[in-house]
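Hello, and thanks for taking a look at this one with me. Below are some notes to read alongside the structure.

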Amino acid sequence: MEKKALSFLVLSLSIQFTVVAQSIDKLITPKEATRIETVLSADDMQGRRTFTSGIDKASAFIESEFKGIGLQPFNGATNFRQEFFMTASKAVSSKITINGEEIFNNQVVTFSYLPEVSLTEKSDITVVSINKGDNIGKKFNEYYNSTKSLLVLVDDSFKNVLPNIQQIDRITANPGQNTILFVFGVIDATTFTINLTNTITKKSLNNVVGVLPGKSKPNEYVIFSGHYDHLGIGSPQEGVPHDATDSIYNGANDDAAGSTAVIMLAKYFKKKNNNERTIIFTTFVAEELGGYGAKYFSKQLAPEQVIAMFNLEMIGTESKWGKNSAYITGFEKSDMGSILQKNLEGSAFKFYPDPYPEQELFYRSDNATLAKLGVPAHTISTSKMDNEANYHKASDEIGTLDINNMTQIIKAIAISSSSIISGKDTPSRVDTAQLR
């Protein structure tokens with residue numbers, strides 16, 4: 001290519017990027033980010049805990065935003081609420097004896113979705129152990145996720161993890177017929193009797209989903225998501241620390257920031273009105289309980305039709321590289337990150353691979369369910385997971401956010417995703433055989 005032609009191309013690209021930037025500056029603004037964030041992280045949202053009036057209020061606000069933007073409901077629904085149900089279990093009474101000795105309630109954690117449980121050593125239940133020196137996390141997850149009834153004897157050296165296990169919500173989307181008990185400080189169970197009574201209830205909850213139909217590729221989907229639930233109000237009974245001066249866990253960064261971005265991107269792409277692929281905007285519920293909203297949502301889609309998923313999680317603070325930067329979890333699992341960075345050439349913004357691989361963030365957010373189905377589904381974040389001062393604390397309030405930087409991140413996501421939304425670029429699929 002001749003030098004003159006090359007110079008003209010560079011100049012042309014520079015002008016094009018400048019025009020896009022000027023256009024987007026009018027549509028994605030700090031003022032708008034502040035407006036949405038202020039509502040979602042306000043005290044009257046009561047920390048947006050799932051199954052509370054606070055989460056219902058947050059849902060209604062997001063629904064009104066989607067309606068005002070002019071999105072369409074998902075999959076023929078009459079509104080923006082994607083409702084589903086979960087089963088909750090609350091212990092009423094328990095009486096457990098092992099080798100003739102009564103076991104105190106403060107030694108036991110039970111998981112059962114049956115109203116009545118009566119088991120002995122002669123029943124269909126297996127006795128297993130978590131011994132001193134074992135990987136407690138790995139062993140716990142193995143037994144907790146079992147479909148069989150288990151009596152798990154946990155060595156007393158792990159008694160410090162008992163409070164953490166006690167705090168796990170007894171709620172599931174798929175209640176089994178089995179019972180799992182973790183008993184601490186008992187090393188042998190030759191004979192035993194287990195009698196439990198539980199109150200079982202069905203609870204409704206909902207994602208908020210809006211759609212912007214594609215012009216030429218309506219059956220190819222690009223998803224922008226964040227979760228709108230958080231931890232609620234601090235309470236020892238709920239396992240959330242309580243501070244007399246501030247007990248509301250506002251979740252401004254986690255993840256009102258991501259939900260704010262989803263709303264702003266919906267407004268931006270609706271105004272642009274040039275998306276060839278269908279865009280789905282969704283805010284998930286129950287992420288803090290185990291990603292249940294994303295799991296339900298993922299089952300409503302044919303994964304081969306989902307071209308890409310941008311999950312936005314905690315983008316309200318500066319990343320470890322400072323302003324105008326963010327990282328992408330699972331960067332190496334598809335070429336989506338490279339596509340995004342290519343589309344940002346000429347700007348000051350840069351995406352990086354996840355700098356905290358040991359924390360396995362790729363598997364810990366709402367992108368994971370679709371990624372495990374082969375979708376290039378990644379989370380974009382700036383959270384300094386080794387040193388995020390307000391993470392899961394009552395101090396996670398709007399005043400701790402860098403709204404101007406957050407606005408720049410949202411702009412970068414809008415611009416970098418443009419070639420995927422237009423149908424020009426299609427990210428490579430995630431190799432599910434390489435996932436854990």
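Is Asp425 buried or exposed?

1. Asp425 is buried, with a relative accessible area of 13%; here buried means under 20% relative accessible area, exposed means over 50%, and partly exposed is in between, using a 1.4 Å probe and protein chains only. Asp425 forms a salt bridge with Lys342, and their closest N and O atoms are 3.1 Å apart. A salt bridge is a side-chain nitrogen of Lys or Arg within 4 Å of a carboxyl oxygen of Asp or Glu. This pair links distant parts of the chain, with Asp425 in the segment after α11 and Lys342 in helix α8 (residues 336-343), 83 residues apart. Lys342 counts as partly exposed, at 38% relative accessibility.

2. A word on what you are looking at. This is a predicted model, in which local features need pLDDT of at least 70, side-chain atom pairs count only at pLDDT 80 or more, and totals for chains, interfaces and linings use all residues. Residues are numbered from 1 along each chain as its sequence is written, and side-chain values use heavy atoms, with hydrogens and water left out.

3. On confidence: pLDDT is the predictor's confidence in each residue, from 0 to 100. The protein chain has a mean pLDDT of 93, and 92% of its residues reach 70 or more. Please take care with residues 3-17, where the pLDDT is below 50. Beyond near neighbours in sequence, that stretch has 8 contacts in the model, a contact being heavy atoms within 4.5 Å.

4. Now the overall build. The protein chain has 11 helices and 17 strands; helices (H or I, at least four residues) and strands (E, at least two) are DSSP runs, numbered from the N terminus. Its radius of gyration is 24 Å, close to the 22 Å that the globule rule gives for 436 residues, so the chain is as compact as a globular protein of that length. That radius is taken over C-alpha atoms, and the globule rule is 2.2 Å times the number of residues to the power 0.38. Along the principal axes, the C-alpha atoms fill a box of roughly 90 × 45 × 40 Å.

5. Of the 436 residues, 50% count as buried. Among contacts with a separation of 6 or more, residues 24 or more positions apart account for 85%.

6. How many salt bridges does the structure hold? There are 14 salt bridges, and one of them joins Lys411 to Asp25, with the closest N and O atoms 2.6 Å apart. Lys411 lies in helix α10 (residues 403-416) and Asp25 in helix α1 (residues 3-27), so the pair ties together parts that are 386 residues apart in sequence. Lys411 is buried, with a relative accessible area of 10%, whereas Asp25 is partly exposed at 39%.

7. Another salt bridge is formed by Asp44 and Lys57, whose closest N and O atoms are 3.1 Å apart. Asp44 is in the loop between α2 (30-40) and α3 (53-69), and Lys57 is in helix α3, 13 residues apart. Asp44 counts as partly exposed, at 45% relative accessibility, and Lys57 is partly exposed as well, at 40%.

8. A search of the whole structure finds 17 aromatic pairs. Rings of Phe, Tyr and Trp (its six-membered ring) pair if their centres lie within 6.5 Å; planes under 30 degrees apart count as stacked, over 60 as edge-to-face and the rest as tilted. Trp321 and Tyr352 are stacked, because their ring centres are 3.9 Å apart and their planes are at 5°. Trp321 sits in the loop between β14 (306-312) and β15 (325-328), while Tyr352 is in strand β16 (residues 350-353), 31 residues apart.

9. Tyr327 and Tyr356 form an edge-to-face pair, 5.7 Å centre to centre with 75° between the planes. Tyr327 lies in strand β15 and Tyr356 in the loop between β16 and α9 (368-371), so the pair ties together parts that are 29 residues apart in sequence. Tyr327 counts as buried at 2% relative accessibility, and Tyr356 is buried at 4%. Elsewhere, ring pairs link Phe224, Tyr268, Phe269, Phe281 and Phe310 into a cluster.
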